[in-house]
Amino acid sequence: MQSGRTTVSKFLIEQLHGTDDQADLAALLVDVTAAVKAISAMTSKGALGGFLGALDTQNVQGEVQKKLDVLSNDAMIQACEWGGLVAGMASEEMDDPYTLPKEFERGPYLLIFDPLDGSSNTDVNVSVGTIFSVLRHTKIGDPTVADYLRPGVEQVAAGYAIYGPSTMLVLTVGKGTHGFTLDREIGNFVLTHPDLKIPADTSEFAINTSNERFWEPPVQRYVAEAKAGKTGPRERDFNTRWIASMVADVHRILMRGGIFMYPKDTKDPSKPGRLRLMYEANPIGMIVEQAGGAASTGRGRILEVQPTSLHQRVPVMLGSKNEIARLERYHAEYD
Ligand code: AHG
Ligand code: MN
Ligand code: MN
Ligand code: MN
């Protein structure tokens, strides 16, 4: 595949040619790109757009919703509800799955998304993103919550958009991970980063160290050894980064390697992690695996976790696979 001026729709039609999903999945993902363009336009207007700031509502996790969380959610619904491609949608910003209005045809897919990832960064003009996951819906009738609770290995497509200095879309339909850049003058996503690969080794890690005292011993050990540098057991210096937008941290890892961790901690013992399985960990996990990386809870592959609720949280460790294997080893030695 040439990276010249291949648009995302042409790329998807070619990748899906001859598969069960050929026409419908490409069409759904093109609808997703329409939402992404709308969200990109809103986020890039910044303070001039009147979209910044918080609402006085909370989502199901008790997070105060930003205006842009809700507007981005609406953009995804509007772009994807009418085309006869989805049977239903679920997101971080909706307590329960969205039932399509009666007038729209029901389609073969379930779309699950984080409309605006890293939304605490909108007011400080730091990169944010959108994350999405596509599952098949094989039953007749509107989906129930139980229909959404499929493990990540069943995803037929996943991806994210990053609204940074440029807007990019990174996606997979299970045939590698590919990156596209929005050409604003033409209005198309153009293939710029075909077949992304995460190097197996790295000396860079991302974790919110303000939680260090709450981590489990295997994660404390990993970070302490990395911080010990050349004279420690790892015998080399490590570098750290933390953007507080998972998409931005993951995007850096896809570009140059590294690992990202949001482990289980004891800060709030009722939560088994910070990030949400269905619309953060699973889609990003598929993207990372398709790029040759690994995505783990520390105790097993994220994509094999059987979900029990729509908004459940999960420990996340992902990126360069030899470092993720080391983290899994430290957990196994500790347990
Ligand atoms: P969201 O904005 O969709 O709720 O997700 C925020 C997530 C993720 O993007 C990021 O890695 C993490 O929260 C940041 O958490 P801290 O505020 O603890 O750094
Ligand atoms: Mn949130
Ligand atoms: Mn998020
Ligand atoms: Mn979000």
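Guide: Let us begin with pairing: two strands pair if DSSP finds at least two bridges between them. This is a predicted model, and in it strand S12 (residues 259–262) and strand S16 (residues 316–319) pair in the antiparallel sense over 4 bridges, with Tyr262 standing opposite Val316 in S16.

Visitor: Which sheet do these strands belong to, and in what order do its strands lie?

Guide: The sheet is open and consists of 5 strands with mixed pairing, in the order S11-S10-S12-S16-S14. At its edges stand strand S11 (239–240) and strand S14 (294–296), each of which has a single partner strand, so one side of each is left without a neighbour in the sheet.

Visitor: How should I read a strand such as S4, and is strand S4 enclosed or open to the outside?

Guide: In general, the side chains of a regular strand alternate between the two faces of the sheet. As for strand S4 (residues 109–117), 9 of its 9 residues are buried, so it is largely enclosed by the rest of the structure. Strand S3 (residues 86–91) runs parallel to S4 and is joined to it by 5 bridges, Ser91 having Phe113 of S4 as its bridge partner. Strand S5 (residues 128–136), by contrast, runs antiparallel to S4, with 7 bridges between them, and here Ile112 stands opposite Ser133 in S5.

Visitor: Is Val219 buried or exposed?

Guide: A residue counts as buried if 20 or more other C-beta atoms lie within 10 Å of its own; Val219, found in helix H5 (residues 217–227), has 24 such neighbours and is therefore buried. Beyond its neighbours within four places in sequence, Val219 is in contact with Met261 and Pro263, while Lys264, 45 residues away in sequence, lies 9.2 Å from Val219, C-alpha to C-alpha.

Visitor: Finally, which residues are closest to ligand 1?

Guide: Of the 13 residues that surround ligand 1, the closest are Asp117, Ser119, Asn208, Ala244 and Met246, and the shell divides into 3 nonpolar, 5 polar and 5 charged residues.

Technical notes
Residues numbered from 1 in each chain as written. Chains lettered and ligands numbered in written order. Predicted model: local features only at pLDDT ≥ 70, side-chain atom pairs only at ≥ 80, totals over all residues. Near = placed C-beta within 6 Å. Nonpolar A, V, L, I, M, F, W, Y, C, P; charged D, E, K, R; others polar. Helix = DSSP H or I, 4+ residues; strand = E, 2+ residues; numbered from the N terminus. Buried ≥ 20, exposed ≤ 12 C-beta atoms within 10 Å, placed from the backbone. Contact = placed C-beta atoms within 7 Å.
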